Amino acid sequence: VSDWPAFEISAAPAGTADTCFYFCVYYFDELNGKHELLGRCKTTLRDLAFTPFKFVRKHPKKKFPLPRIRGCLFVASADLLPTATTAGIPTGADIKIELRSKNKLPEMFFEVWAHGGHRQLVYRSEARSNKSSLLQWNNFPYWFHADPSAAHAILEFAFYKFSDHKQKYVGHSLISAAELFLSKSVVPLVATDGASVGGVEISVVQKRTSPPQNFAATSFT
């Protein structure tokens, strides 16, 4: 049995009270970052007004030997709110990155590229190695640019390893900038051949509302 905290659904994106939408329940393996759909429930905001209620959770396709019925989703209560909470996106955030794999990981670092109007490098991490299947990096700040579409940009986390004193591309993970603020995410690290190398856990440690100070020069050592 899984229990989730209360959350808010705005009526504006959901449509009218009779517009259908789905609750989709996923299972994920943190070692490879793959998400598997367990089942989904079809409902409307009007249906949710008559709670508590158990919704049958079905998988859209039957996968032998598993049946289409995958349990129930129990909605304990649904309260009508007079106004919706403003779902604004912060100016920036401190982000934590962890990489998990079934095998021991070599010395690695990653780059963060923002894919909006153009591809732009926004961060490069330090190299880490602990000869285990888990790598953790220092938290780093990510700031949205003045471009309003930056919040909807796709962030590419490109991972590299050191081999024979050379940098070798391992794979990448993709996530939208706006998705970062929904919850902790585990996304697959996909190699060039399409195989999953591991699971990248991306989480927001602290949200930021003040933009960084502009700089006029950089000192190099």
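**Cysteines, cores and strands**

Author: Gladly. A search of the whole structure finds 0 disulfides, a disulfide being a pair of cysteine sulfur atoms within 2.5 Å. C24, for instance, is in no disulfide, and the nearest cysteine sulfur, that of C41, is 8.6 Å away. In general, a disulfide is a covalent bond between the sulfur atoms of two cysteines.

Before going on, please note that this is a predicted model, in which local features need pLDDT of at least 70 and side-chain atom pairs count only at pLDDT 80 or more, while totals for chains, interfaces and linings use all residues. Residues are numbered from 1 along each chain as its sequence is written, and side-chain values use heavy atoms, with hydrogens and water left out.

Reader: Is C24 buried, partly exposed or exposed, and what about C41?

Author: Buried means under 20% relative accessible area, exposed over 50%, and partly exposed in between, with a 1.4 Å probe and protein chains only. C24 counts as partly exposed because its relative accessibility is 38%. C41 has a relative accessible area of 1%, so C41 is buried.

Reader: How much of the protein chain counts as buried, and how many helices and strands does the protein chain have?

Author: Of its 221 residues, 32% count as buried. The chain has 2 helices and 13 strands; these are DSSP runs numbered from the N terminus, helices being H or I of at least four residues and strands E of at least two.

Reader: How should I read a nonpolar core, and which residues have the most contacts inside the largest one?

Author: In soluble globular proteins, nonpolar side chains tend to be buried together. A nonpolar core here is a set of buried Ala, Val, Leu, Ile, Met, Phe, Trp, Tyr and Cys residues joined through side-chain atoms within 4.5 Å. The largest has 26 residues, and I97, F157 and F159 have the most contacts inside it. Elements giving two or more residues to this core include β5 (92-100), β6 (108-115) and β10 (154-163). Apart from it lies another core, of 7 residues, including C41 and V75.

Reader: Which residues is I97 in contact with, leaving aside its neighbours within four places in sequence?

Author: Contact means heavy atoms within 4.5 Å. With those neighbours left aside, the partners of I97 include F110, W137, F157, F159 and I202.

Reader: Which strands does β6 pair with?

Author: Two strands pair if DSSP finds at least two bridges between them. β6 and β10 run antiparallel, joined by 8 bridges, and A114 stands opposite L155 in β10. With β7 (residues 119-124), β6 pairs in the antiparallel sense over 5 bridges, and here E111 stands opposite R124. As a general idea, in a regular strand the side chains alternate between the two faces of the sheet. β6 itself is mostly covered, with 7 of its 8 residues buried.

Reader: Where is P52 found, and is P52 buried or exposed?

Author: P52 is found in the loop between α2 (45-48) and β3 (53-58). P52 counts as exposed because its relative accessibility is 53%. Leaving aside neighbours within four places in sequence, P52 is in contact with F74, V75 and A76. P52 and V75 are 23 residues apart along the chain, with their C-alpha atoms separated by 5.5 Å.
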